[in-house]
Amino acid sequence: MTVMLAVVLFGVTAAVFGYRFYRQEAETELTVLATIATKQDYSDEEITEILKDSLNYEVRFTRLDLEGNVVFDNMYDYSQLENHSDRKEFKNALEKICAK
């Protein structure tokens, strides 16, 4: 019984640390991709292709234009997604962009 409990605890601990590592790596990759995409003189189509080719993690990434329209989503048909201009996170991001 003690061995089984130890194995279960080890498995849970490994899963938690594995997820944290996975999430940290995914966030780092997305930050780098977003920086590259916004700092260069790429067209929307080129940015979309860079994102499609570069995302190696099972995380959802949605790209919006300045009006809140979805111009890329790696998990859903972006043309079917609603405008995000009324969402708090979009408004916060827009404020940060305008403050620069």
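# Chat about a predicted protein chain

Modeller: From the N terminus on, the elements run α-α-β-β-α. That makes three helices and two strands. Helices (H or I, at least four residues) and strands (E, at least two) are DSSP runs, numbered from the N terminus. This is a predicted model, where local features need pLDDT of at least 70, side-chain atom pairs count only at pLDDT 80 or more, and totals for chains, interfaces and linings use all residues. Residues are numbered from 1 along each chain as its sequence is written, and side-chain values use heavy atoms, with hydrogens and water left out.

Biologist: What is the mean pLDDT of the protein chain?

Modeller: The mean is 77, and 72% of the residues reach 70 or more. pLDDT is the predictor's confidence in each residue, from 0 to 100.

Biologist: Which element has the lowest mean pLDDT, and which the highest?

Modeller: Helix α1 (residues 2-39) has the lowest, at 68. Strand β2 (residues 70-73) has the highest, at 86.

Biologist: New topic. Which residues make up the largest nonpolar core?

Modeller: There are six: Leu-30, Leu-33, Ile-47, Leu-51, Phe-61 and Phe-72. Helices α1 and α2 (44-54) are the elements that give two or more residues to this core. A nonpolar core is a set of buried Ala, Val, Leu, Ile, Met, Phe, Trp, Tyr and Cys residues joined through side-chain atoms within 4.5 Å. In soluble globular proteins, nonpolar side chains tend to be buried together.

Biologist: How many residues does the chain have, and what share is buried?

Modeller: The chain has 100 residues, and buried ones make up 18%. Buried means under 20% relative accessible area, exposed over 50%, partly exposed in between (1.4 Å probe, protein chains only).

Biologist: Back to α2. Which of its residues are buried?

Modeller: Ile-47, Thr-48 and Leu-51. They cover an arc of only 100 degrees around the axis, so they sit on the same side of α2. The arc is that of the directions from the helix axis to the C-beta atoms.

Biologist: Which exposed residues are on the face turned away from that buried side?

Modeller: Glu-45, Lys-52 and Asp-53. Helix α2 also holds Glu-49, which is partly exposed at a relative accessible area of 39%.

Biologist: What separates the C-alpha atoms of Glu-49 and Phe-72?

Modeller: A distance of 9.6 Å, and the two are 23 residues apart along the chain.

Biologist: Switching to Asp-73. Where is it found?

Modeller: In strand β2.

Biologist: Is Asp-73 buried or exposed?

Modeller: Asp-73 counts as buried because its relative accessibility is 6%.

Biologist: Which side chain does Asp-73 join in a polar contact?

Modeller: That of Thr-62, at 2.5 Å. The Asp-73 side chain also reaches the backbone nitrogen of Met-75 at 2.8 Å. A polar contact is a pair of N or O atoms within 3.5 Å; within protein, one must be able to donate a hydrogen and the other to accept it, and residues adjacent in sequence count only if both atoms are side-chain atoms.

Biologist: What does Asp-73 touch, not counting residues up to four places away in sequence?

Modeller: Arg-60, Phe-61, Thr-62, Tyr-78 and Leu-81. Contact means heavy atoms within 4.5 Å.

Biologist: Last one, His-84. Where is it found?

Modeller: His-84 is in the loop between β2 and α3 (88-99). It is buried, with a relative accessible area of 10%. Its side chain reaches the backbone oxygen of Glu-82 at 2.8 Å. Leaving aside neighbours within four places in sequence, His-84 is in contact with Leu-64, Gly-68, Val-70 and Phe-90.
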